[in-house]
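Dear colleague,

Please find below the structure that I am handing over to you, with its sequence. My findings follow directly after it.

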Amino acid sequence: MNYNSLRVQIQNYSNRTDQFFIDQIPDFINQGVNRIYSEAKSIGFETVLNANLVINNPLLAKPADWKETVSFSIIDDRLNPAPTSFLLLRSLEFCRSYWPKSVLTGTPEFYANALEYNNFFFAPTPDYAYP
């Protein structure tokens, strides 16, 4: 496929032959290229970090080169098969309101950015060193 065949395919797919539409096809292609560039710019730059939560501690230090969290999951490897749970990002206020007594523990459901974004905060406080 080349540029000209893409123009023809867009015109055939849309089933439009009016000149105004045909004149807009290059703009459609440019918008598609720009979207691909903007969405693909981070491909290959994501880092997967494996660590264990700390029992009875609602905080976990972020890596020194941390930029952004894409997702956060924990695995309960005490069970067979070990289920994976994805934690939901919430505000620190929500997490503290949801789990006000951090001395009580449970399986974390939520995480937040805490202490000037240097740590993750978990609610409930981990009852196990979940990987």
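At the start of α1, the backbone nitrogen of Asn-4 has a side-chain oxygen of Asn-2 within 3.1 Å. Please bear in mind that this is a predicted model.

Helix α1 covers residues 3-14, and helix α2 covers residues 19-40.

The pairing of the two helices is described next. Two packed helices are described by the angle between their axes and the distance between the axes. The axes of α1 and α2 come within 10 Å and cross at roughly 120°. Angles of 65 to 115 degrees count as roughly perpendicular and those over 145 as roughly antiparallel; α1 and α2 are therefore oblique to each other. Their crossing is right-handed.

On the α1 side, the contact is formed by Tyr-3, Leu-6, Arg-7, Ile-10, Gln-11 and Ser-14. On the α2 side, Phe-21, Ile-22, Ile-25, Pro-26 and Ile-29 meet them. By residue class, this contact comprises 8 nonpolar, 2 polar and 1 charged.

The remaining findings concern the backbone. Most residues other than glycine have a negative phi, and most peptide bonds are trans. Asn-15, which follows α1, has a positive phi of about 60° although it is not a glycine. Asn-15 belongs to the loop between α1 and α2.

The bond from Asn-80 to Pro-81 is cis, with omega near 0°, and Pro-81 sits in the loop between β2 (73-75) and β3 (84-86). The bond from Ala-123 to Pro-124 is likewise cis, with omega near -10°. Pro-124 is placed in the loop that lies between β7 (119-123) and β8 (125-126).

With kind regards

Definitions and conventions. Residues numbered from 1 in each chain as written. Predicted model: local features only at pLDDT ≥ 70, side-chain atom pairs only at ≥ 80, totals over all residues. Heavy atoms only, no water. Axes fitted to C-alpha atoms, helices over the stretch in contact; angles between N-to-C directions. Helix = DSSP H or I, 4+ residues; strand = E, 2+ residues; numbered from the N terminus. Parallel < 35°, antiparallel > 145°, perpendicular 65-115°, else oblique. Left-handed = near helix turned anticlockwise from the far one by under 90°. Contact = heavy atoms within 4.5 Å. Nonpolar A, V, L, I, M, F, W, Y, C, P; charged D, E, K, R; others polar. Polar contact = N/O pair within 3.5 Å; in protein donor to acceptor, adjacent residues only side chain to side chain.
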